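Student: Hi! Could you walk me through this one while I have it on screen?
Tutor: Happy to, let's open it up.

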Amino acid sequence: MAEFDVETLSLKELKSLQKDLAKAISSFEDRQKSDARSKLEIIAKEMGYSLADLIGTEVKPTRAPAAAKYRHPENAALTWSGRGRKPLWFVAALEAGKSPEDMAVN
């Protein structure tokens, strides 16, 4: 390994070195984890299992997107399910005198 005196480096060089070290450490850790995972997958496969079976990785259920309840009066591509914050076009239409029923998807 190269020996050098960090006391002689400028602030810019030190920050660059710090950034390079952080990248090298992260890369090293990723390689180590990948190697460990590969070895564990081989062992599990030899025993007739998958690694996911053994460690019980939980599959997060996904929800279907909510159906649209409201549609923009002029641009049919803009919709809103009625959940979450009201989109700006919905608020503007309400302020312009439209009712939610006027924009309801039939």
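**The core and the surface**

Tutor: Y70, W80, W89, F90, A93 and M103 make up the largest nonpolar core, with six residues in all. Helix α3, residues 88-95, gives the largest share of this core, three residues. Keep in mind that this is a predicted model.

Student: Which residues does W80 touch?
Tutor: Leaving out residues up to four places away in sequence, W80 touches A68, K69, Y70, R85, K86, P87, W89 and F90.

Student: And where is R83?
Tutor: R83 is in the loop between β2 (79-80) and α3.

Student: Is R83 buried or exposed?
Tutor: R83 counts as exposed because its relative accessible area is 57%, and the cut-off for exposed is over 50%.

Student: Switching topic: which residues make the nonpolar surface patch?
Tutor: L40, I43, M47, Y49, L54 and I55 make that patch, about 640 Å² of it. The elements giving two or more residues to the patch are α1 (11-46) and α2 (51-55).

Student: Where does M47 lie, then?
Tutor: M47 lies in the loop between α1 and α2. With a relative accessible area of 60%, M47 is exposed.

Student: How many residues does α1 have?
Tutor: α1 has 36 residues, and from first C-alpha to last it reaches 53 Å, close to the 52 Å expected at 1.5 Å a residue.

Student: What happens just after α1?
Tutor: There, G48 takes a positive phi of about 90°.

Methods:
Residues are numbered from 1 along each chain as its sequence is written. This is a predicted model: local features need pLDDT of at least 70, side-chain atom pairs count only at pLDDT 80 or more; totals for chains, interfaces and linings use all residues. Side-chain values use heavy atoms; hydrogens and water are left out. Patches are made of residues with over 30% relative accessible area and no salt bridge: like charges are joined within 9 Å, nonpolar side chains (Val, Leu, Ile, Met, Phe, Trp, Tyr) within 5 Å. Accessible areas come from the Shrake-Rupley method with a 1.4 Å probe; for residues, only the protein chains shown count as cover. A salt bridge is a side-chain nitrogen of Lys or Arg within 4 Å of a carboxyl oxygen of Asp or Glu. Helices (H or I, at least four residues) and strands (E, at least two) are DSSP runs, numbered from the N terminus. Buried means under 20% relative accessible area, exposed over 50%, partly exposed in between (1.4 Å probe, protein chains only). The expected span of a helix is 1.5 Å times one less than its number of residues. A nonpolar core is a set of buried Ala, Val, Leu, Ile, Met, Phe, Trp, Tyr and Cys residues joined through side-chain atoms within 4.5 Å. Contact means heavy atoms within 4.5 Å.
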